[in-house]
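Morning, everyone. I'll take the helix packing, then the ligand. Please have the model open.

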Amino acid sequence: MTAQLNPCGDVAVLVPAAGAGVRLGPGRPKALRLLGGEPLLVHAVRRLAAAPSVHTIVVAAPAAEVAAVRDLLAPVAPVTVVPGGAERQASVAAALAAVPAGPQIVLVHDAARALTPPDLVESVAAAVRAGHDAVIPVLPVVDTIKEVDADEVVLGTVDRSALRAVQTPQGFRRAVLTAAHAAAGDPLTDDAGLVEKQGVPVSCVPGSEYALKVTRPFDLALAEHLLATGA
Ligand code: C5P
């Protein structure tokens, strides 16, 4: 059944889904790889559409797959699909340009985080609504982290108590994200990084293990298990 988005919601979600997924091995663009028989992107959009605050979803698809992605998502939820760019940052910028007037909170969410719970979407949006300009979901780092040189010789041990692993969705006041993208220079791997460069404070909320990014074959196997056990 096609989900309905909330016409009174205040959140637009941008979904960069235009990556090739090289680290996952040969095959279709990553967002279209199957998890439990359905593309990662379908799982991601279904969970976004289940978050009550979401008014708009804009997906940046691989340029050659825009029509196919529109057809794929039509039965899932009403989404806008635009061609992505060569870098993640360009894909986000393309999606941001397609957000209609209205929503004042913009979330950016990787299609590869296919099992992200709707509750996490809501908690990030709620923190922006409560007055934070930029909000990221984070998890503590569990491994000991070493810095190494080009020869893989250890330079030192980093204090992990001050480190966080960052997930998506990342949430922003719309004007803040728009200004950060307008000023963007070299591509970064997340949107909070652009906002930090503008001197805007970025706040953290607790992330979710279920929001893992499917990047390597092991992640896909783990996601298959989580899905089969009810995620
Ligand atoms: O490459 P990585 O796995 O970090 O990509 C994170 C997200 O950004 C994925 O959902 C991917 O599809 C997306 N992406 C994109 N356009 C690109 C590269 C990556 O939308 N050119």
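A quick definition before the numbers. Axes here are lines fitted to C-alpha atoms, for helices over the stretch in contact, and the angle between N-to-C directions runs from 0 to 180 degrees. Keep in mind that this is a predicted model.

Start with α1, residues 40–49, and α2, residues 66–73. They pack at about 50°, and their axes are 11 Å apart. Who makes the contact? On α1, L41, V42 and V45; on α2, V69, L72 and L73. By class, that contact has 6 nonpolar residues, no polar and no charged.

Now the second pair. Helix α3 covers residues 88–96, and helix α5 covers residues 174–182. The angle is about 130°, with the axes 11 Å apart. This pair is therefore oblique too. Here α3 passes α5 in a left-handed crossing. From α3, the contact uses Q89, V92, A93 and L96. From α5, it uses L177, T178 and H181.

Then some polar atom pairs. R23 places a polar side-chain atom 3.3 Å from a ligand oxygen. G85 uses its backbone: an N or O atom there lies 2.9 Å from a ligand nitrogen. A111 also works through the backbone, with a polar atom 3.2 Å from an oxygen of the ligand.

That's my part. Over to you.

Methods
Residues are numbered from 1 along each chain as its sequence is written. This is a predicted model: local features need pLDDT of at least 70, side-chain atom pairs count only at pLDDT 80 or more; totals for chains, interfaces and linings use all residues. Side-chain values use heavy atoms; hydrogens and water are left out. Helices (H or I, at least four residues) and strands (E, at least two) are DSSP runs, numbered from the N terminus. Angles under 35 degrees count as roughly parallel, over 145 as roughly antiparallel, 65 to 115 as roughly perpendicular and the rest as oblique. A crossing is left-handed if the near helix is turned anticlockwise from the far one by less than a right angle, and right-handed if clockwise. Contact means heavy atoms within 4.5 Å. A polar contact is a pair of N or O atoms within 3.5 Å; within protein, one must be able to donate a hydrogen and the other to accept it, and residues adjacent in sequence count only if both atoms are side-chain atoms. Ala, Val, Leu, Ile, Met, Phe, Trp, Tyr, Cys and Pro count as nonpolar, Asp, Glu, Lys and Arg as charged, and the others, Gly among them, as polar.
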